[in-house]
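Reader: Could you walk me through how the helices pack here and where the pockets lie?

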Amino acid sequence: MSFLYFSKDCTRAAEQLKNNPRHKSYLEQVSLRQLEKLFSFLRGYLSGQSLAETMEQIRRETTIDPEEDLNKLDDKELAKRKSIMDELFEKNQKKKDDPNFVYDIEVEFPQDDQLQSCGWDTESTDEF
């Protein structure tokens, strides 16, 4: 696999490596995201970036900014963000087999004396 190939698209390179019949049995337990990160490290190294620079770039590419407007992204970038969110959800999800799993959690929220009112939940005298 050449440098020019995965320097442009680490995702496609990772998919092709994972789906290659010669490597498939070895990479079954490796997530596609891990392979993408590996290719990103290789891309950074081959382009002369330091390890710290590469790690910072990967961190920016693999985290979700809560202030980012996802409606403004193209389909490819949106799919990438959704994939990151799905992976984070799977990682944090408690399953029935987990030792700390609790089926029905009830939480009491403290009642604040000063409840803030929102404009959308107040009754309006305007009729539609």
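Reader: What is the handedness of the crossing of α3 and α4?

Author: Happy to start there; this is a predicted model, in which local features need pLDDT of at least 70, side-chain atom pairs count only at pLDDT 80 or more, and totals for chains, interfaces and linings use all residues. Residues are numbered from 1 along each chain as its sequence is written, and side-chain values use heavy atoms, leaving out hydrogens and water. Helices are DSSP runs of H or I with at least four residues, numbered from the N terminus. A crossing is left-handed if the near helix is turned anticlockwise from the far one by less than a right angle, and right-handed if clockwise; that of α3 and α4 is right-handed.

Reader: At what angle do α2 and α3 pack, and how is that arrangement described?

Author: Axes are lines fitted to C-alpha atoms, for helices over the stretch in contact, and angles run from 0 to 180 degrees between N-to-C directions. Helix α2 (residues 10-19) and helix α3 (residues 32-46) have axes 8 Å apart and an angle of about 125°. Under 35 degrees counts as roughly parallel, over 145 as roughly antiparallel, 65 to 115 as roughly perpendicular and the rest as oblique. The two helices are therefore oblique.

Reader: How do the residues of the contact of α2 with α3 divide by class?

Author: Contact means heavy atoms within 4.5 Å, and among the residues making it are Leu17 of α2 and Phe39 of α3. Ala, Val, Leu, Ile, Met, Phe, Trp, Tyr, Cys and Pro count as nonpolar, Asp, Glu, Lys and Arg as charged, and the others, Gly among them, as polar. The division is seven nonpolar, two polar and four charged.

Reader: Which element supplies the largest share of the lining of the largest pocket?

Author: On a 1 Å grid over the protein atoms alone, a pocket is an open set of points where a 1.4 Å probe fits, with protein on both sides within 12 Å along at least five of seven lines, and lining residues have an atom within 4 Å of a point. The largest pocket is lined by 28 residues, 17 of them charged. Helices α2, α3, α4 (51-62) and α5 (75-92) each supply at least two. The largest share, seven residues, comes from α5.

Reader: And which element gives the most to the lining of the second largest pocket?

Author: Arg33, Lys37 and Ile84 are among its lining residues. The elements giving two or more residues are α3 and α5. With four residues, the one that gives the most is α5.
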